[in-house]
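Please look over the structure below, then work through the questions and answers that follow.

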Amino acid sequence: MIKANSKPLGEVFGFIENCKKVLVLGCGGCATVCQVGGEKEVGVLAQALRLKAGTEGKQIEFLENTVTRQCEPEFVDPVVEGLGDVEAIVSTACGVGVNHLVERGCPVPVFPGVDTVFMGSTLEHGEWAERCAACGQCVLHLTGGICPIARCAKNLLNGPCGGTTEDGMCEISTPENPVPCAWAEIVERMKQLGTLQELGEIQPPKDWSTARDGGPRRRVRADLKLDRQEQKVQS
Amino acid sequence: MKSGSNLEKVLQAGHFALTAELGPPMGPSDEEIKQKMEILRGNADAFNITDCQTAVVRLSSIAAAIMLVQGGMEPVMQMTTRDRNRIAIQADILGAAAFGIKNCLCIAGDHQKFSAAGKLKGHPGAKNVYDVDSIQLVGILKKMRDEGLMEGGDPLDVAPRLFIGAAWTPMAHPLEFRVTRLAKKVAAGADFIQTQGIYDVERFAEIMVEVRNLGLHEKTAILGGVIVPKSAGMLRYMDSSVAGVSVPKALIKRMSAAGEAAGKDKKQARRNQSKEGIKIAVELIEQLRETEGVRGVHLQAIEWERAIPRIVEPAGLLPRPHV
């Protein structure tokens, strides 16, 4: 799922310090799972902002709410419609949530409460790592299920560069931020699977047009789209 | 002849080839390049111009390579895929070819985080490109040269004549994949290979057996890398911190002993170690020359170009052949 880090309190406070009434809006999806922007964290952030406002001598009212997912109209629209005299929103969803609130016609400014960092998995409690770069053309069938696009610092497609250390780490690895060499892992995995010889095949230059390089992406599933008639019937 | 470069001719004539590295300066100093050119002139068949090595900004490899061509010396223009997408790569290759650059070494390049690894600030916040990897880069150049086509398929007005090189780190982890990496580079179209610096020639010779079994040494010209050691400290650093380089303990000891022989005289200790380093480099060249399948050496005296003439002469590599 999507992972994020809390923004520093001072930075968030700076966004809304001149408002009278602010909604801190959490998300029950990824932000909750990575424990950065769910109901609990919204409570903590709102309280911290109240204290900060107090010490700065500002009169700001902070409301709290957490919706099931900020990336879906059905959960976001009621919030946008019921803002009343709220002057700004601090969203603790990933960047998608902030964009989506704006897209759904939010009349007041929406500020990010978190820095969205990557799509990844949980290594252990409190530790996550990037595992997918959403390049739009999955190559995992070629690389033993370990992604060189997301996990190799140079997104190489034809094997490890000369920078792999003796203990299988990437050349950018440091003790503070250990980065295993994805290609060392791919080689090891494919050796286990008995498919190492497949890596002898040359992979041609990748078509990045399906990745972010091709411009902002949109996905349309005609079979899932409701035509206007059906929408009317449903409503 | 694929390119008609001097390096290609020397190899084709069956000579033991010799390339040496010339690192461009961190400023627009043509004087510094000219000085280095005069130190190196006549001491190798072609001279590698590094492309912002360790991701530190330097005068561009293409510009320095043009200076060499204009000065009557042959460059091996190094090109990383770190800083250019396939559009810039091909544009630069055409520009280079128009200026008479015929050799290009295709590499991925050090990651930009490397640039801040030493004393320099570098640009660790830079965005990298890596649109293609080094093997794909080799393939792009081959397609331009042999098919007269750009990577995207458009025809070129004139195909560039190129002698295509690639790097190889035979002793880096994961070891079992390194010969496959070489085979892929050869299959992609690498005419010559320059290896990472080799100090442990015995281990390298074992890997070369595998290379010969696959016949790779006949499909490409492998030049063994020699990084001229300057001090025991440098050897220890290379051994512990440079991926794919292992230095036998005996060499480190030998270098330490040379330094210690000077007693407390630090200047003399440095001189002794430099001398010993040059001797070691000469010996490494001789050992690589005896390794079957090795068709030349690539000499790197990092920020110490003056060492090159002092090595190639006693190594019996002078004069360089006129072909």
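Cavities, pocket and interface

By class, the lining of the second largest cavity holds three nonpolar, two polar and three charged residues. Here Ala, Val, Leu, Ile, Met, Phe, Trp, Tyr, Cys and Pro count as nonpolar, Asp, Glu, Lys and Arg as charged, and the others, Gly among them, as polar. This is a predicted model, in which local features need pLDDT of at least 70 and side-chain atom pairs count only at pLDDT 80 or more, while totals for chains, interfaces and linings use all residues. Residues are numbered from 1 along each chain as its sequence is written, chains are lettered from A and ligands numbered from 1 in the order in which they are written, and side-chain values use heavy atoms, with hydrogens and water left out.

Q: Which residues line the second largest cavity?
A: A cavity is a set of points, on a 1 Å grid over the protein atoms alone, where a 1.4 Å probe fits but cannot get out, and lining residues have an atom within 4 Å of a point. About 40 Å³ of space lies in this second largest cavity. Its lining consists of Glu21(B), Leu22(B), Gly23(B), Gln53(B), Ala301(B), Ile302(B), Glu303(B) and Glu305(B).

Q: What is the volume of the largest cavity?
A: The rule counts two cavities of 30 Å³ or more. The largest is lined by 15 residues, with Cys152(A), Ala153(A), Cys161(A), Cys170(A) and Cys181(A) nearest its centre. A volume is the space filled by probe spheres set on the grid points, which are joined across faces, edges and corners. For the largest cavity, that volume is about 110 Å³.

Q: Which element gives the largest share of the lining of the second largest pocket?
A: Of its 45 lining residues, Glu130(A), Ile149(A), Ala150(A), Arg151(A) and Cys152(A) are the closest to its centre. Helices (H or I, at least four residues) and strands (E, at least two) are DSSP runs, numbered from the N terminus. The largest share of the lining, six residues, comes from β7(A).

Q: How much area do chain B and chain A bury between them?
A: Contact means heavy atoms within 4.5 Å, and 30 residues of chain B are in contact with 32 residues of chain A. In chain B, His173(B), Phe177(B) and Lys184(B) lose the most area to chain A, together 23% of what that side buries. Buried area is the accessible area (1.4 Å probe) that two parts lose on being put together, summed over both. With 57% of it on carbon and sulfur atoms, the buried area is about 2,400 Å².

Q: Which residue of chain A forms a salt bridge with Glu176(B)?
A: A salt bridge is a side-chain nitrogen of Lys or Arg within 4 Å of a carboxyl oxygen of Asp or Glu, and the rule finds one across the interface of chain B and chain A. In chain A, Glu188(A) also meets the partner residue in a salt bridge (3.5 Å, N to O). With the closest N and O atoms 2.5 Å apart, the partner of Glu176(B) is Lys191(A).

Technical notes. 1 Å grid on protein atoms, 1.4 Å probe; cavity = no way out; pocket = protein on both sides within 12 Å on 5 of 7 lines; lining within 4 Å.
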